[in-house]
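Look over the sequence and the structure, then work through the tasks in order.

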Amino acid sequence: MIAKIVIAAAAMLAATACANAEDRPLKIGWLMSYTGPGAAAGAASDTAIEVFFKKFGRTIAGRKTEIIKRDTTGPAPDVARRLAQELIVGEKVDFLAGMDFTPNTMAVAPLSTSAKVPLLIVNSATSGILAKHPYAVRFGFTTTEMAQQLAGYASKQGFKSVYTFVQEFEPGLDAEAMFLREYKAAGGTIAGSVRAPLKATDFSAYIQRIKDANPDAVFVFMTASELPPIFLRQFKEAGLDPAKIIGIGDITDEASLPSAGDAALGVVTAFHYTQTHDSAANKEFIDAFKSLAPERPVSFVPVVSYDVLRAIYQVVEAQKGELTPDRTMELLKQIKFESPRGPIAIDPATRDIVQTIWFRKVEKRDGQIVNVEFASTPDVKDPGSAR
Amino acid sequence: MLGLVNILIGGIAYGFVLFLMAGGLSITLGLMGFANMAHAALAMVGGYTAALLIGKAGWPFLAALAMAGVTAALVGAVLERTLFRRLYQASELEQVLLTIGVVYVAIAAATYLVGPEQMAITVPAWLDGNLRLGPIDLNRYRLFLIGSGVALLLSLVHLIEHTTFGAKIRAAVFNRRMTASCGIDVDKLYALAFALGSALAGLGGALSIKLLGLDPNFPIKFLTELLIVVSVGGLGSLRGTFLAAMLFGIIDVVGKYLLPEIGAFIIYATALALLTVRPQGLVGRLR
């Protein structure tokens, strides 16, 4: 009798365990801007999610993946925080991922810390956001690592003086400080520095200041948006040579490069992803992406989104679907694979990305304006803030 | 010194962009007194029309510009007939609420129909590149904008101040009932005027893509600047709108050049100061 009850109870337990795996989906809260500035990147990340599902399937370790998308509507920390809270408390998500603008990430990260929900950051380029938040990992890039690389490039090229132009917000100030520090340390002269407000849409005044100073090169950081093409066109219209520009890859982002057109020819940038990057992984990604959205440009945001999902699948697989936040973090720190952008890893000490940084020049190939890689620095880690 | 000359030219060109965008608004908001927040949404309609016709259908630039005006006028007329006309007599708050709603619908519609990506426009070779006048580089497209702006100003001033149509509109705005009792069909007149304002919005939108870029957020991004230009110029005065656009273009660019640290703030400070001293605007009359 007792034996029967035990067997029945065991059977019931087993049944519930099975049912659990079935109706216990793997929930990923996906925070991106689907409206407002950044909407194009949001849409591109959606396509990347579809590409990912096509290749890796919708189930992992017996759990069905459910991506719960929320629209952060642009740089709006209050909105991002509210949505993240709802995802954590209401939806009980296993992961928070996505994140575009730094202010949003800064608002969401404390929630990830207090709720112990791992946060996988696609694209917030300010250096210092990970230090205080042990459950946050960055898969994108930092403006400081790019600025450091470009300062090295500028001194190697023998530029005697460089003018710096950045947009006035965290990643821009980070980039400016790092470039000034590294370039001066290498013996270069700063011809001047000017910052434009994020909302400025006319740059003729800043460009005239650059022209007055007549530097050998101009270091530029502007966040990827509709504005860099405007800057590049005005730069050329002012009679300056685009080949004088060395910048962080946002300014020649594949999504806005066609709009800049010939005004971008010759611009040199440092970045983590180049659409023309020659590798099997990139070709496969682009082919899959284009088959879903032929018109949509493939740029860094979809590539990093794809990598983030891959990392999530790896850590879920390794834990056989039974997730604990601390084990997840341990595993995330060991992530290492070949991304469409090149080889990537996570630095266990900082939880920041370690990746190859590519130097690219804008060229015309088969009538298309594209970034073309010509040099690289492997295994770059974020140098930290220079401020 | 040469730098300052270039900057002045840059400022004037920027002023003309503002004027091209705000010209239509000075009719609907300024003259007709309708708080039309959806103006830049109509400009976006024109912008997308031109960009798509040139990019996808291979239309020539000038034909696409004309079509941008026509399309925006049609969309504006439909909106006016179905929605806006009901609110001519309503309070400004209600007008703002309705038209700002239209703005959000327009943003969502553009994202759905065209996609959230940046839209590029190709201008013909004769508008590309620079014209060298001694030491000064003049961009051809900017010169073309300045020419279009001057033509727009002259024809609008003529239309509003020297034709019967203009006189009727001014009369209807001043006293709607009296005008109607003179046998003028005020309803039709307003519809025409609104369509005209919308056509100019579309044209301004199409002309400014090359300088301002175009994406679904266009209607909200430039709204503040346009409202400042029209209200500082003085409601109902085209000359005022023109003066204000020039003033802001120049102050903005020169301010950013000389004092880049606070440059972005200068136009708002100027607007504040001007409207404090002259609430009716530069050229406007108090109503």
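**Exercise 1. One helix, two sides**

Task: Find which exposed residues sit on the face of H3(A) turned away from its buried side. Then work out how the buried residues are arranged.

Solution. Keep in mind that this is a predicted model.

- Step 1. Start with the outward face: Asp78(A) and Val89(A) are the exposed residues on the face of H3(A) turned away from its buried side.
- Step 2. Now list the buried residues of H3(A): Ala80(A), Leu83(A), Ala84(A) and Leu87(A).
- Step 3. Look down the helix axis. The buried residues of H3(A) fall within an arc of 100 degrees, so they line one face of the helix.
- Step 4. Ask what lies over them. The cover includes strands S1 (26-32), S3 (63-71) and S4 (95-98) and helix H4 (102-115) of chain A.
- Step 5. Check the length. H3 of chain A covers residues 77-89, which is 13 residues. From first C-alpha to last it reaches 18 Å, close to the 18 Å expected at 1.5 Å a residue.

**Exercise 2. A residue inside chain A**

Task: Decide whether Ile312(A) is buried or exposed. Then name the residues it touches.

Solution. 

- Step 1. Count its surroundings. There are 24 other C-beta atoms within 10 Å of Ile312(A). The cut-off for a buried residue is 20 or more, so Ile312(A) is buried.
- Step 2. Leave out residues up to four places away in sequence. Ile312(A) then touches Ile28(A), Phe95(A), Ala97(A) and Leu120(A).
- Step 3. Lys116(A) is 196 residues from Ile312(A) along the chain, yet their C-alpha atoms are 15 Å apart.

**Exercise 3. Chain A as a whole**

Solution. 

- Step 1. Count the elements: chain A has 12 helices and 15 strands.
- Step 2. A compact globule of 387 residues would have a radius of gyration near 21 Å; chain A has 23 Å, which agrees. Its C-alpha atoms fill a box of roughly 95 × 45 × 35 Å along the principal axes.
- Step 3. Look at burial: 54% of the 387 residues in chain A are buried.
- Step 4. Look at contacts. Take those between residues at least 6 apart in sequence; 70% of them join residues at least 24 apart.
- Step 5. Domain 1 is 2-141 + 279-351, and domain 2 is 143-271 + 357-380. The contact between these domains takes 11 residues from domain 1 and 12 residues from domain 2.
- Step 6. Sort the domain 1 side of that contact: seven residues are nonpolar, four are polar and none is charged. The C-alpha centres of the two domains lie 31 Å apart.

**Exercise 4. Where the chains meet**

Solution. 

- Step 1. Take one residue as a case. Val253(B) is found in helix H11 of chain B. It is buried, with 28 other C-beta atoms within 10 Å.
- Step 2. List its contacts, leaving out residues up to four places away in sequence. In chain A, Val253(B) touches Asp202(A), Ser204(A) and Ala205(A). In chain B, Val253(B) touches Ile7(B), Gly10(B), Gly11(B) and Tyr14(B).

**Exercise 5. Chain B as a whole**

Solution. 

- Step 1. Count the elements: chain B has 12 helices and two strands.
- Step 2. Apply the globule rule. For 287 residues it gives 19 Å, and the radius of gyration of chain B is 19 Å, so chain B is as compact as a globular protein of that length.
- Step 3. Look at burial: 50% of the 287 residues of chain B count as buried.

Terms used: Residues numbered from 1 in each chain as written. Chains lettered and ligands numbered in written order. Predicted model: local features only at pLDDT ≥ 70, side-chain atom pairs only at ≥ 80, totals over all residues. Helix = DSSP H or I, 4+ residues; strand = E, 2+ residues; numbered from the N terminus. Rg over C-alpha atoms; globule rule 2.2 N^0.38 Å. Buried ≥ 20, exposed ≤ 12 C-beta atoms within 10 Å, placed from the backbone. Contact = placed C-beta atoms within 7 Å. Domains from an automatic or database assignment. Nonpolar A, V, L, I, M, F, W, Y, C, P; charged D, E, K, R; others polar. Expected span 1.5 Å × (residues − 1). Arc of directions from axis to C-beta.
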